[in-house]
Amino acid sequence: MEVLFPHLDREVAEAMPVASACLTARDWDGFLKHLETRPTSPRAVALLAMQALWALEGTDAESYAVATAAVPAPLLFVLVHGFGRSYRRHAAERWGPDRPAGSAAA
C-alpha cells in the first residue's frame, strides 16, 4: 500500500485542484441531480456522503461556497457534521494524520 502514497499525494496535490477549478455550478447541479437518482439504502447514502466530502476537500472558499450553495441547509448540515468525523477518520487512515485538511475535512 505504501507504494501508492506518492502517487496519491501527487494526485491530491496536482489533479484535484485542477478538477475542482474546472467544476462549474452547472456541473454541481448535474452531480446533485445524479445523487437524487441513486439508491437510498443507508450504505449508499454513506458512500455518497463520503464521495461528496472528498470532492469538496481542499477546495478554496469560493469553490466551496458555490458547491454547497446548491445543497439544502439541512442536508449540508448532516453531510458536514453527521458524516464529517467518519470522513476525517477514514481519510487519516488512508493518507495519514498529517495530511493537510481541506475545507470539507476541517
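## Close-up views of a predicted model

View 1. Thr68 counts as buried because its relative accessibility is 10%, where buried means under 20% relative accessible area, exposed over 50% and partly exposed in between, with a 1.4 Å probe and protein chains only. This is a predicted model, in which local features need pLDDT of at least 70 and side-chain atom pairs count only at pLDDT 80 or more, while totals for chains, interfaces and linings use all residues. Residues are numbered from 1 along each chain as its sequence is written, and side-chain values use heavy atoms, with hydrogens and water left out. The side chain of Thr68 reaches the backbone oxygen of Tyr64 at 2.8 Å. Apart from neighbours within four places in sequence, Thr68 is in contact (heavy atoms within 4.5 Å) with Leu56 and Leu76.

**View 2. The largest nonpolar core.** A nonpolar core is a set of buried Ala, Val, Leu, Ile, Met, Phe, Trp, Tyr and Cys residues joined through side-chain atoms within 4.5 Å. Of the 17 residues in the largest one, Trp28, Leu53, Leu56, Leu76, Leu79, Phe83 and Tyr87 touch the most other members. Helices α2, α3 (42–56), α4, α5 and α6 (84–95) each supply at least two residues of this core, and α3 gives the most, with 6 residues.

View 3. Among the elements of the chain, helix α2 (residues 25–36) has the lowest mean pLDDT (79), whereas helix α5 (residues 73–82) has the highest (90).

Key: Polar contact = N/O pair within 3.5 Å; in protein donor to acceptor, adjacent residues only side chain to side chain. pLDDT = per-residue confidence, 0-100. Helix = DSSP H or I, 4+ residues; strand = E, 2+ residues; numbered from the N terminus.
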